Amino acid sequence: MHLTGTPLVNSPGDFGPQTPEPLQRALLDHLALFLQNNQWSTKALIRHIITSQTWQRSSLGSHQSDPANHYYTRGNRQRKDLEAWRDSALQVSGRLVAKTGGTPIQIDQAPYEGRRTIYGKVRRGFLPSIMRSFDFPGSEEALMKRTTTTTPTQALYLMNSPFLHGEARAIATQAPSIDGIYQSILQRSPSAEEKKSAQQWLARARRNSSAGSWEYGYLAKDSLDFKALPHFENGQWRGKAPLPDPTHGWLHWNANGGHPEGKRHAALKWTAIESGTIKINGNVKVPGDKGNGIIARIMQADGRTLKEWTVEPTQGVPTKIDDFKIKAGDEIWFVVDSRDDVAFDGFHWAPRISDEKGTISDAKADFTGPGLPPFAQLAQALLLSNEFFYID
Ligand SMILES: [Ca+2]
């Protein structure tokens with residue numbers, strides 16, 4: 001069942017007398033005898049099956065004589081399960097660790113160890129999100145056959161997955177060419193057409209300024225033109241040189257907040273992926289006890305101010321907006337104005353955005369450096385392709 005995608009007996013949890021007789025009883029008997037005669041070695045049985053002509057058939061075979069494929073006249077197209085897919089990604093990036101045994105690992109947390117997925121830690125009732133998204137069963141009860149769902153969450157999860165970004169970067173670093181990336185991931189050269197479209201795409205591709213829904217930048221005073229900060233270093237988006245940068249001054253953003261500049265307001269931009277009704281929460285605080293404090297604003301890209309707070313030194317204010325309707329692609333700006341005096345204007349502000357189902361984005365938890373460079377984006381696209389995800 002795991003090898004071909006369909007079982008020889010349609011009720012793998014019940015081999016009792018009520019079960020309909022298997023269509024291919026002779027095959028089942030042959031495999032059972034093979035297992036007995038080979039010291040009950042499942043490894044030998046698996047080798048026997050996957051070296052057979054039946055198993056090696058393409059899924060593109062004829063559908064006419066055996067529409068439901070009861071007799072395995074063609075391969076069943078099947079998606080790799082989470083374990084096989086994650087292990088394959090580690091194998092092609094060269095990060096797979098062959099070691100067997102040992103303590104379990106957190107597969108959804110940095111540093112994303114390269115051990116096989118079978119060593120992923122499962123706490124009863126607390127499946128890691130990647131396992132939940134990809135149909136990994138809960139550990140409370142036995143399951144005979146997994147379901148395979150295909151949901152938009154899976155694609156979104158993988159597009160933003162730091163694990164997959166790491167694999168894509170590793171592949172692009174080892175083989176920084178279109179041919180090299182195709183060879184590493186799909187074990188083949190690109191067709192002339194694929195190569196041409198990859199070249200055209202790479203010519204347009206730019207490194208994304210950041211990896212998620214947040215962008216870190218500024219608005220020049222009295223302007224509505226959001227500009228991203230150009231440089232990321234030591235957990236900080238800022239100008240090129242160490243603070244104060246000759247052009248951008250003290251202007252920066254980090255995971256907790258940042259600093260405005262006299263002629264430029266610090267601006268954190270959030271872009272909605274889906275339409276809906278959101279709530280904004282958070283707290284803005286000026287920890288210093290000198291200077292004249294700041295003004296914090298939540299704005300829309302058309303310049304409308306939704307709310308505004310003046311924050312004096314040492315003060316903290318909740319920045320809360322309830323039941324605000326947005327459309328996919330809408331931007332919300334979190335803007336900090338120095339009140340014309342930048343001294344001691346370091347601030348803490350890491351807003352959270354949620355809907356009725358829970359947190360959508362959290363500026364502190366989601367804080368990231370630059371997005372993937374173009375070759376790594378190409379590697380990521382191939383790691384997400386059906387050709388990599390499915391066995392044909
Ligand atoms: Ca100030």
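This is a predicted model: local features need pLDDT of at least 70, side-chain atom pairs count only at pLDDT 80 or more; totals for chains, interfaces and linings use all residues.
Two strands count as paired when DSSP finds at least two bridges between them.

Strand β9 and strand β17, which covers residues 352–355, run antiparallel and are joined by three bridges, so the pair clears the cut-off of at least two. To find the spot by eye, look for I280, whose bridge partner in β17 is I353. Strand β9 itself spans residues 276–281, and it also pairs with strand β14, residues 321–326. That pairing is antiparallel too, and it runs over four bridges. In general terms, strands of a sheet pair through backbone hydrogen bonds, in either a parallel or an antiparallel way.

Next, have a look at the open sheet of six strands. Reading across, the order is β3-β2-β8-β15-β11-β12, and the pairing is antiparallel. Strands β3 (226–228) and β12 (305–311) sit at the edges; each has a single partner strand, so one side of each has no neighbour in the sheet. Going from one strand to the next, the twist averages 25 degrees.

Now for the helices. Two packed helices are described by the angle and the distance between their axes. Helix α7 takes in residues 178–186 and helix α9 residues 374–383; their axes come within 10 Å and cross at roughly 30 degrees. That makes α7 roughly parallel to α9, because angles under 35 degrees count that way. The crossing of α7 and α9 is right-handed. On the α7 side, the contact is made by I181, Y182, I185 and L186, which meet F375, L378, A379, L382 and L383 of α9. Sorted by class, that contact holds nine nonpolar residues, with no polar and no charged ones.

One last stop is H252, which belongs to strand β6, residues 252–253. Is H252 buried or exposed? It has 26 C-beta neighbours inside 10 Å, so H252 counts as buried, because the cut-off is 20 or more. Leaving out neighbours within four places in sequence, H252 is in contact with Q236, W237, R238, L243, G258 and H259. As for D222, it lies 30 residues from H252 in sequence and 19 Å away in space, C-alpha to C-alpha.

Conventions: Residues are numbered from 1 along each chain as its sequence is written. Helices (H or I, at least four residues) and strands (E, at least two) are DSSP runs, numbered from the N terminus. Axes are lines fitted to C-alpha atoms, for helices over the stretch in contact, and angles run from 0 to 180 degrees between N-to-C directions. Angles under 35 degrees count as roughly parallel, over 145 as roughly antiparallel, 65 to 115 as roughly perpendicular and the rest as oblique. A crossing is left-handed if the near helix is turned anticlockwise from the far one by less than a right angle, and right-handed if clockwise. Two residues are in contact if their C-beta atoms, placed from the backbone, lie within 7 Å. Ala, Val, Leu, Ile, Met, Phe, Trp, Tyr, Cys and Pro count as nonpolar, Asp, Glu, Lys and Arg as charged, and the others, Gly among them, as polar. A residue is buried if 20 or more other C-beta atoms lie within 10 Å of its own, exposed if 12 or fewer, and partly exposed in between; C-beta atoms are placed from the backbone.
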